[in-house]
Amino acid sequence: MIKTLFSITLSLFIVMDAFGNIPLFLSLLHGIPKKRQIQIVIRELIIALFIIILFNYIGVWLLSFLNITQPIVQIGGGTVLFLLSLKMLFPAEKTKQKEDLKKITEPFIVPLAIPLVAGPAVLATVMLYSPQIPDIIMIGAIIISWGASLLVLLISAHLSGWLKERGLIAIERLMGFILVLIAIQMFLSGFKTFMRL
């Protein structure tokens with residue numbers, strides 16, 4: 001049970017990509033007073049948490065309504081995670097995104113809550129795990145990974161100063177590599193189950 005909780009928590013934390021989001025958060029909140037920055041980060045992550053938990057409960061119903069089987073979710077989720085992990089491994093692609101986000105004054109829901117925290121990969125991961133994992137473990141994993149992401153983003157200004165840009169890129173690439181392995185495992189598990197049907 002503890003091993004499952006730890007495994008899902010780690011997967012969700014990596015997919016939320018808190019370290020990779022630090023430059024984008026700093027860019028979006030640049031020029032806003034520190035106190036207000038903290039309020040915005042907390043507000044946006046609470047919205048993201050609500051959306052993630054909502055998908056944890058409606059995900060299974062939604063899949064059932066659309067007649068999508070579990071192996072397909074695993075294959076699709078693995079593919080989405082793999083594509084996300086490639087972006088984490090090659091963060092130079094974020095330059096244009098960062099420039100586009102600078103045009104926004106004070107962000108609300110988009111893009112901080114969605115898609116930077118509660119993005120497609122996170123929602124796909126939650127929808128993938130929720131039918132297989134007991135509610136108490138799933139909600140616990142969501143809250144712990146969300147709390148860790150919140151902590152990282154709240155101290156992002158300090159982390160950015162300590163780690164510098166190279167340090168942040170190194171952490172993001174390490175997490176991207178771990179996510180590649182999780183994505184491939186998810187894809188192969190889904191494919192293996194699909195072949196048995």
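Two rings of Phe, Tyr or Trp (taking its six-membered ring) count as a pair if their centres lie within 6.5 Å, and the pair is called stacked when the planes are under 30 degrees apart or edge-to-face when they are over 60. With that in hand, a search through the whole of this predicted model turns up two aromatic pairs. One joins F13 and F19: the ring centres sit 6.2 Å apart with the planes at 90°, so this pair is edge-to-face. Both of these phenylalanines are buried.

The other pair is W61 with F65, where the centres are 5.5 Å apart and the planes meet at 15°, so the rings are stacked. W61 and F65 belong to helix α3 and are about one helical turn from each other, because four residues separate them in that helix. Here W61 and F65 are both exposed.

Then there is the inside of the protein. The largest nonpolar core takes in 52 residues, and F25, L45, I52, L81 and M138 have the most contacts within it. At least two residues of this core come from each of several helices, among them α1, α2 (18–28), α4 (70–89) and α9 (156–196). Helix α3 gives the most, with nine residues. As for L81, setting aside its neighbours within four places in sequence, its contacts are V15, A121, T125, L179, I182, A183 and M186.

Finally, T9 lies in helix α1, which covers residues 2–16. T9 has a relative accessible area of 12%, so it counts as buried, the limit being under 20%. Beyond its neighbours within four places in sequence, T9 touches A141, I144 and S145.

Technical notes
Residues numbered from 1 in each chain as written. Predicted model: local features only at pLDDT ≥ 70, side-chain atom pairs only at ≥ 80, totals over all residues. Heavy atoms only, no water. Buried < 20%, exposed > 50% of the residue type's maximum accessible area, 1.4 Å probe, protein only. Contact = heavy atoms within 4.5 Å. Core = buried A, V, L, I, M, F, W, Y, C linked by side-chain atoms within 4.5 Å.
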